[in-house]
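Here is a quick tour for someone meeting this protein for the first time. Have a look at the sequence and the model, and then we'll walk through some of the details.

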Amino acid sequence: MTPARFTIMDAGAGPARPAALPVPAAGDDGVVGLTATELAARVRSGGLSAVEVVRAHLRHLAAAESRIGAFRVVRAEAALAEAAAVDASPRRAELPLAGVPVAVKDNVAVAGEVTTDGAPAHSPAPATADHPVVARLRAAGAVVVGLTRVPELCVFAATDGRGTVTRNPWDTARSPAGSSGGSAAAVAAGVVPLAHGNDGMGSLRLPAAACGLVTLKPGAGVVPAGIGADSWSGMAENGVLATTVADLALGLAVLAGVDPEPPVGPGGPLRVAVSTRSPVPGVRLDQAGRAAVDAVAAELRAAGHTVVHRDPVVTPVDALGTVARWLAGADADAEALGLDRRALERRNRVHTRLGSWVRRAGLDRPQPALRARATAFFSDVDVLLTPVTSGPPLPARPWHERGWLANAAANARWAPWTATWNGAGFPALVLPAGPGRAGLPTSVQLVGPPGAETRLLWLAGELERRSPWRRYAPVLDPRPAPD
């Protein structure tokens, strides 16, 4: 009998480069590999049952999980019971995510489950109610198949912890990034078509870039936050990871509590600024990253948009203010969870100690000057195009065994382009682009002013139509091979 749920203690550990995973035969009869939009439409019409959909994805999860280590908890029997409830619902034909299997990041509440925030020392009682974004997913007909792994306190840009290393489906010697790394690995492997995550310094956008996915960090107030103690001093936002812009738009609409509709175009050409200058001094973009930005800029010109080169102004004070909020947010979370700091990983003992000092000094506060400069930048441009990372994903290794400085330096060198927009509270979208990095995805970031989520989704959809990307990692692609 399938257990109601099971906890995976050491998934993803093992050799540096596990063997390629065999692809499930015939994509589970054509169910696994469909988009969330396609699955929901078929369940609403009665062409598929939600139970069929969830069962097929659970089979693929069982095959993939030992190689990627994406999940802390899999809710097998509970998910099938919830799928049966979707099938029996008199509202099934109205549900925008009817029967769609989703994964939830292990830092928001899922009723009946324990949320750890990646801290093994944290052992609370199971949640009695869903976080608002989980409640909205379920109300839309989605089925939560499991909770995905995160690094402790969601601090760093690789997903690993004691006894486990989560791995990138494109190359299992690489990390899927973090902190939404488990969610990104699950989507890139085709285990679920849509996954929840959140982003305080790039924690949605970096995993999307590492795993060839599309995501959007919404601007402040668009989606309920409520992440940890104070959403990292107001910088962190909830969102979704997907393989298509249509799925991203659908998932974001559900989280925002609005009716899902195709993004409406701007009614004319956009003015797009391009910048490849790193906000972190000394960090250089690799050739593949530059080629990706150039390729997207060329597509934008070909589509009739105006492309100009302009760098946003980010001062050292801006950068330090964002780092201060990052430090303080993790310390506030550790305090809210009641964690014994001596039980934390070595790097996070240092991180929370620095965060405690920041909080005592009153430095964990909003950044109106950064927001004002960002607003001024968008006074005569509609969108900003930047890189996401300076090179390929970090190696999949036990980064938690290294010190704070080694982790912070590796993160800053690899991912300098995302955190500014958390500090400013502006929306930012990541999508795959360019020729890739030796078999790994390459991505770019589109940023807009407050309220530009629809604009960014529309533009990403236009780029997807002009230059489609591969939706899944090749060795884990759940779809049947073409005849």
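## How helices cross

A crossing is left-handed if the near helix is turned anticlockwise from the far one by less than a right angle, and right-handed if it is turned clockwise. Helices here are DSSP runs of H or I with at least four residues, strands are runs of E with at least two, and both are numbered from the N terminus.

Before we go on, some ground rules. This is a predicted model, where local features need pLDDT of at least 70 and side-chain atom pairs count only at pLDDT 80 or more, while totals for chains, interfaces and linings use all residues. Residues are numbered from 1 along each chain as its sequence is written, and side-chain values use heavy atoms, with hydrogens and water left out.

## Helices 3 and 4

Helix 3 (residues 50-68) and helix 4 (residues 76-88) pack with their axes 7 Å apart, at an angle of about 155°. Axes are lines fitted to C-alpha atoms, for helices over the stretch in contact, and angles run from 0 to 180 degrees between N-to-C directions. That angle makes helix 3 roughly antiparallel to helix 4 (under 35 degrees counts as roughly parallel, over 145 as roughly antiparallel, 65 to 115 as roughly perpendicular and the rest as oblique). Their crossing is right-handed.

Contact means heavy atoms within 4.5 Å. Among the residues making this one are Val-51, Val-54 and Leu-58 of helix 3, and Ala-79, Leu-80 and Ala-83 of helix 4. By class, the contact of helix 3 with helix 4 has 10 nonpolar, no polar and two charged residues. For these classes, Ala, Val, Leu, Ile, Met, Phe, Trp, Tyr, Cys and Pro count as nonpolar, Asp, Glu, Lys and Arg as charged, and the others, Gly among them, as polar.

## Helices 11 and 12

Further along, helix 11 (residues 316-337) and helix 12 (residues 346-360) have axes that come within 7 Å and cross at roughly 105°. That makes helix 11 roughly perpendicular to helix 12. Trp-326 and Leu-327 of helix 11 are among the contact residues, as are His-351 and Arg-359 of helix 12. This contact counts nine nonpolar, four polar and three charged residues.

Asp-199 sits in strand 7 (residues 194-199). With 0% relative accessibility, Asp-199 counts as buried (buried means under 20% relative accessible area, exposed over 50%, partly exposed in between, with a 1.4 Å probe and protein chains only). Its side chain makes a polar contact with the side chain of Asn-422 at 3.1 Å, and also reaches the backbone nitrogen of Ser-203 at 3.3 Å. A polar contact is a pair of N or O atoms within 3.5 Å; within protein, one must be able to donate a hydrogen and the other to accept it, and residues adjacent in sequence count only if both atoms are side-chain atoms.

Asn-107 is in the loop between strand 3 (101-105) and helix 5. Asn-107 is buried too, at 10% relative accessible area, and its side chain has a polar contact with that of Asn-198 (3.0 Å).

Most residues other than glycine have a negative phi, and most peptide bonds are trans. Gly-178 and Ser-179, though, are joined by a cis peptide bond, with omega about 10°. Ala-177 is not a glycine, yet its phi is positive, about 75°. Ser-231, in helix 8 (residues 231-234), also has a positive phi, near 50°.
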